[in-house]
Amino acid sequence: MRTFIIKANEAHTRADFRLNDLPGTSGRIDLLCRVLNSAFLLSHGFRKNVRVWLLLYGPPNPPKAIRFEGPKLKVRLNPDERSTAKLIMKVLKAGEDLREPGKEIEVYPGLYVSNRTFEDVIRLTVKNSALYYLHEDGKPIGELSFPQNVAFVLGDHKGLSREDEAFLDNIAERVSVGRKSYLASHVVTYVNIFLDSLPNPP
Ligand SMILES: C[S@@+](CC[C@H](N)C(=O)[O-])C[C@H]1O[C@@H](n2cnc3c(N)ncnc32)[C@H](O)[C@@H]1O
């Protein structure tokens, strides 16, 4: 199983944004849609062995955690950002009245919303996956060997905060796909294609 965890510092936690202006009104949910596209979509296909956690920390009710569980997912993800953003809107609406931190609602088969924090999700993930923090200065991805369950953490357009990085320091190995700073969605694409090329891909 491949897990991607992205912390979106400004992504709105209520469906109050405009689909016609995602970058300007949603706190960069457009970026999250592209990450989903890179994580799941193949040409005429869908990666069932992928899980994505979107951790939304923007206004007005952070945090909201949205989990896309590839093996169970029934909703169709299309390549365009607009339809994916519409789906995120529906999930946020379903989770609007959630109060309990540990409760997760299954909005559609394989698609969940909760008030879990970044730390909650990391703690949950390390129970059964090797954790990596995608970072420009990490160890080159080609020098690592990966087990069957892998999880990659990445930041949004602003990257992770110092506090988030300090939290990850002893539990996630830093991995780099190159020395330049790439778009989050491009990094996810690269990681997927790199893992596909391994003799025993996770
Ligand atoms: C657009 S970048 C963020 C750039 C931001 N200026 C920063 O300082 O982090 C989004 C995320 O992609 C990942 N990333 C970008 N370039 C990378 C690279 N060369 N290797 C591994 N991960 C990378 C990191 O997790 C980063 O937080």
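Predicted model: local features only at pLDDT ≥ 70, side-chain atom pairs only at ≥ 80, totals over all residues.
Eight strands make up an open sheet with mixed pairing, and the order is 6-7-5-4-1-9-8-10. Where does the sheet end? The edge strands are strand 6, residues 104-108, and strand 10, residues 173-176; each of them pairs on one side only. On average, neighbouring strands in this sheet are turned by 30° against each other, ignoring direction.

Next, helix 6. This helix covers residues 184-196, so to speak a run of 13 residues. From first C-alpha to last, helix 6 reaches 19 Å, close to the 18 Å expected at 1.5 Å a residue.

Which residues of helix 6 are buried? They are Ala184, Ser185, Val187, Val188, Val191 and Asn192. Because these residues cover an arc of only 160° around the axis, they sit on the same side of helix 6. As a general point, an α-helix has 3.6 residues a turn, so residues three or four places apart point the same way.

What do the buried residues of helix 6 pack against? Strand 1 (2-8), helix 2 (29-40), strand 8 (130-140) and strand 9 (150-155).

Turned away from the buried side, it carries Ile193 and Asp196, both exposed.

Key: Residues numbered from 1 in each chain as written. Helix = DSSP H or I, 4+ residues; strand = E, 2+ residues; numbered from the N terminus. Expected span 1.5 Å × (residues − 1). Buried ≥ 20, exposed ≤ 12 C-beta atoms within 10 Å, placed from the backbone. Arc of directions from axis to C-beta. Contact = placed C-beta atoms within 7 Å. Pairing = 2+ DSSP bridges. Axes fitted to C-alpha atoms, helices over the stretch in contact; angles between N-to-C directions.
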